[in-house]
Amino acid sequence: MNNLFNRDKTVVNSNQLQSSVINQNILLGKLLSRQNILQADKIINNIHQSEFKVFSQWGDDGIIQFLVNYLDIRTKSFVEFGVENYQEANTRFLLMNNNWKGLIMDGSSQNISSVKKENLYWQYNLKAVSEWITQDNINTILQEQGFTGEIGLLHIDIDGNDYWVWKEINAVNPIIVIVEYNSVFGSNNPWTIPYQKEFYRTNAHYSNLYYGSSLLSLCDLATEKGYSFIGCNSSGNNSYFVRNDFMKDLKGKTAEEGFVESNFRESRNEEGQLTFLSGQDRIDLLRGLKVYNTRNSELEEI
């Protein structure tokens, strides 16, 4: 009995400690957000200067906070898909700090189930849905979940058909759009993977490097949809776009001006083990694979 009591007590203490750390991180994020607004004249030229991390994998929490505050966004709703279990996500701080309502989606029912067991699921206005996102179902899902018209932020991170899904979206009209890009494809290539409804990056190529879209293709698509590219995060995986009627004094950039090459080394061998490739070695591993050129609408080889 004593061992059981001690074990339960340890779990409670661990949960309390975790909650305390989260609360401290949120408080620090609030302070940094206020400080960033005071430095807006510098950040509008280089969004890297606003970065900080609370729940995001990299420094995206800071960029998002700066943008929603600087742009004075009054449509306080977001959509993010590709969230896994939502422990590490770009909208979680927005949910908990700014009290926005949101819709999150992931292809794993287990991930979504774990989100629904968290306290935040009743504490905040959050919908969590298990869906495999395709260009055919995205608008229907958004409409069925009650997310239509103008929203504050849309974040797309599905490690695959990101370009094709964003191209298809018309049910919502976001002010800020964040899309993961594949920096391995370089700054000057208008490439995306050819659309495959069931695309899964590990199955597509063992390296895990063959996925998504180049930054240039996303920038071209953004122009078509009425957005300006304002930069990437400093880690080189997320690109930021703002609807043209909300730009204020933000500086639009070309893909070449705003491109950031990623330094994280996630390549794997055929046994699934990390190989830590970087730079040119990564694209060399993909030679011969097919990509879709979004400017001439033709398939070509890397």
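1. Asn 182, Ser 183, Val 184, Leu 209, Tyr 211, Ser 262, Phe 264, Glu 266 and Arg 282 line the largest cavity, a cavity being a set of points on a 1 Å grid over the protein atoms alone where a 1.4 Å probe fits but cannot get out, with lining residues having an atom within 4 Å of a point. The structure is a predicted model, in which local features need pLDDT of at least 70, side-chain atom pairs count only at pLDDT 80 or more, and totals for chains, interfaces and linings use all residues. Residues are numbered from 1 along each chain as its sequence is written, and side-chain values use heavy atoms, leaving out hydrogens and water.

2. The structure holds 1 cavity of 30 Å³ or more, and the volume of the largest cavity is about 40 Å³. Its lining comprises 4 nonpolar, 3 polar and 2 charged residues.

3. The largest pocket (an open set with protein on both sides within 12 Å along at least five of seven lines) has a volume of about 950 Å³. Of the 38 residues that line this pocket, Gly 82, Glu 84, Asp 157, Ile 158 and Asp 159 lie nearest its centre, and the lining divides into 12 nonpolar, 14 polar and 12 charged residues.

4. The second largest pocket holds about 350 Å³ of space and is lined by 12 residues, with Ser 19, Ile 22, Arg 92, Glu 118 and Asn 119 nearest its centre. By class, the lining of the second largest pocket has 3 nonpolar, 7 polar and 2 charged residues.

Note on methods. Points joined across faces, edges and corners; volume = space filled by probe spheres on them. Nonpolar A, V, L, I, M, F, W, Y, C, P; charged D, E, K, R; others polar.
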